[in-house]
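Welcome to a short tour of a structure that may be new to you. Please take a moment to look at the sequence and the model before reading on.

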Amino acid sequence: MSNAPVYINGLGIISPQKTLEKSAFLENVTGSETNILKCREPNYKDFVSGDLVRRMSRLIKMGISASKVCLQDAECQNPDAIITGTGLGCIEDTEKFLTTMINNNEEFLTPTSFIQSTHNTVGAQIALLLKCHNYNITYVHRGFSFETALLDARLQIQESDFINVLIGGMDELTTNSFNITYRLGHWKRKPVNNLRLLEFKTKGSIAGEGAAFFLVSKDRSSKTYSAISDQLMILKPKSAHEIITKCSAMLERNNLSTNGIDLVILGLNGDFQKDKIYEEFLTVFPDSDQVYFKHLSGEYQTASAFGLWLGSVILQRQSVPEVVRLKGKFDQPIRKILLYNHYQNLNHSMILLSQVS
Amino acid sequence: MTKRIYITGIGIISAIGNNVEEVEQSLLAERSGLNGITLFPTIHKDKLPLAEVKLSNEQMVELCGKESDRFLTRTSLLGMIAGKEAVTNSGVNLEDGFKTGLISATTVGGMDRTEGFYKEYLSDPSKGRLRDIVNHDCGDSTERIADYLGISDFITTVSTACSSSANSLMLGAMLIKSGMAERVIAGGTDSLTRFTLNGFNTLMIIDKNGCKPFDENRAGLTIGEGAAFLVLESEELVRTLKRPVLAELTGYGNANDAYHQTASSPEGKGAILAIEKAFLVSGLKPSDISYINVHGTGTLNNDLSEGLAVEKIFGSDVPPFSSTKSYTGHTLGAAGAIEAVISILAVKNNCIFPNLNWAAPMKELSIRPVKNIIKNYEVNHVLSNSFGFGGNNSSLILSKP
């Protein structure tokens, strides 16, 4: 793959924060004491006609609305590809069909929730509404779901002459999915205030959800937020050393060293054990400012999409909201950002972002 | 984009055999794998057919050789067996230092065990064994297969309904062409579950008598299960390591029908676009195709729409075609890779496998599928179609090396 960057020319994101409106940038953030961060949902009828809205489940509505905002933002009518990433897809529909099947002993079932439980539903519904016949793929690999969507977009732009690719990362939280992952030890046992997430040195994180879309383009536009030059996906790394070595190699092939990174965005999620790897990683970035975001988004498989949104807006605005600042002076221009996230210490990923001046 | 993608190994497990050799024998003997339901208790037992892999989970654990795998999902076990066979079949040494990726595809993931968990969970949210839910997500099976094969350079999972594993082959080709990987094991795996059986049954597209693709009296599909993986290697690697080549992946294309969430457009627009893209990538033209392994699910809607698309593309000169789902059932996320393997077996044997259970031509079409096996037929290029929910249409072209 060549080193030619791709550009983020549009954004649309529904998250637990007020992120869909472009006027403010993480001011008046939401605080919660429930260990659950649910999305601030818009009035969906602003995005999809009433008839259609009624039939769609929540993740479909979130995905469609966020993608619409993104395409409008980029002034793009019809992308050359729609590529989505999701850990569990429309889990609410999956639960609904499964529950009815079990409770009714396989009788009196209706197909809607089964149809919508298919993982590519959101990408397909976007295509259907746009009448977009182009390349349409969905990736479903835990903490690599959104990352593969981005990688595929970069591959298609560099190898297949695509100009504009719509990518999105999305996952929804349901009562059942929270309960089950709580039992699996994903979430903190005691309720914490999300805005003080890193103060509690305990196991587990807080649960979140979101739908974030980006228009990834071959060329810059007047709307360009950031450039993406490279990315890394590391499966089950054996040590922090392996991560640092691979990161250094990526920076090197982009003619950068660790001290060329102005800002590091970290996927810290408050789990004191799983967060340790970030601390080890940071030892090679002593001079970079540090930012975190999962106290605002919560943890989910495609949370890195929230991180990419954050990094892109920081680069465009050249300002870092107080609420995401972890450590640093924050007094220099921000030209290069490294986003580093991991999901359950299984899927580690990095995205290298640059300012477009 | 002139780099070539070679296939140097194949692995398969399906209703017609637990490995390449058994599958090949069944295809040549025109032996269908459709059967009555034995895998799980269901009210549809003795009423609907399935195409089950004829091994229990315990037997598959034994084949995989690790007792600790007994809590794995059926989807993982199927994938591990087919993935391992592909690697063994290719003779590749995964520890030779060349960058290797694994791309799998699945639609149900670990749903087979989730169903058991959920039944208990619904009666009491503190109940249900966690080991039965922890492997639910689609990515889990891929990580199990990767661990089993020893692959960690690149790994991901595709899920685009019934075209999933055709798309994992496409991404594999792109990774190699871009230089991001030198070798990719790509394919897919899906096990049968009550969830999918009931899902398709609510759509009223399951044929009680077994699928009869492209037959005037067809009444739907038969759901199957299985897994298949293909070892894709770069031209350079094949040359440097003097690797034996089974076939070449010359063309691929994906397009969206953008017509309806589950139904195909009457004229097969997405199918036509996907096939045209595959021709564009390969540089081949319709007259170069020796055989079409059609998607051919046996539903009223698919076969008509796909048939019209084929007539549109090939005009009056449609090559022999068949749906091998009459052998394997519709293996959903695994279908694209399973049919890619069957296409390679057609190339290897110079043979066109028939569309079993076919009797009457569709009145809307001027074309009819291959009814009896055709042997000693030069098969140089095979077009393989895989179409899925969400209007997801993919076509691959597999060629004699």
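This is a predicted model: local features need pLDDT of at least 70, side-chain atom pairs count only at pLDDT 80 or more; totals for chains, interfaces and linings use all residues.

In chain B, the domain assignment gives domain 1, covering 5-240, and domain 2, covering 250-399. The C-alpha centres of domain 1 of chain B and domain 2 of chain B are 21 Å apart. To the contact between them, domain 1 of chain B brings 59 residues and domain 2 of chain B brings 53 residues.

Which elements build the side of domain 1 of chain B that touches domain 2 of chain B? Each element in this table supplies at least two residues of that side.

| Element of chain B | Residues |
|---|---|
| Strand S1 | 5-14 |
| Helix H1 | 20-28 |
| Helix H6 | 164-178 |
| Strand S4 | 183-190 |
| Strand S5 | 226-234 |

H6(B) gives the largest share of this side, with seven residues. By class, the side of domain 1 of chain B facing this contact holds 28 nonpolar, 22 polar and nine charged residues.

Now for the helix pair. Helix H9 (residues 269-282) of chain B packs against helix H10 (residues 300-314) of chain B at an angle of about 45°, and their axes lie 8 Å apart. H9(B) and H10(B) are therefore oblique to each other, and their crossing is right-handed. From H9(B), Ala271(B), Ile272(B) and Ile275(B) meet Ser305(B), Glu306(B), Ala309(B), Lys312(B) and Ile313(B) of H10(B). The residues of this contact between H9(B) and H10(B) comprise five nonpolar, one polar and two charged.

Terms used. Residues are numbered from 1 along each chain as its sequence is written. Chains are lettered from A and ligands numbered from 1 in the order in which they are written. Domain bounds come from an automatic or database domain assignment. Two residues are in contact if their C-beta atoms, placed from the backbone, lie within 7 Å. Helices (H or I, at least four residues) and strands (E, at least two) are DSSP runs, numbered from the N terminus. Ala, Val, Leu, Ile, Met, Phe, Trp, Tyr, Cys and Pro count as nonpolar, Asp, Glu, Lys and Arg as charged, and the others, Gly among them, as polar. Axes are lines fitted to C-alpha atoms, for helices over the stretch in contact, and angles run from 0 to 180 degrees between N-to-C directions. Angles under 35 degrees count as roughly parallel, over 145 as roughly antiparallel, 65 to 115 as roughly perpendicular and the rest as oblique. A crossing is left-handed if the near helix is turned anticlockwise from the far one by less than a right angle, and right-handed if clockwise.
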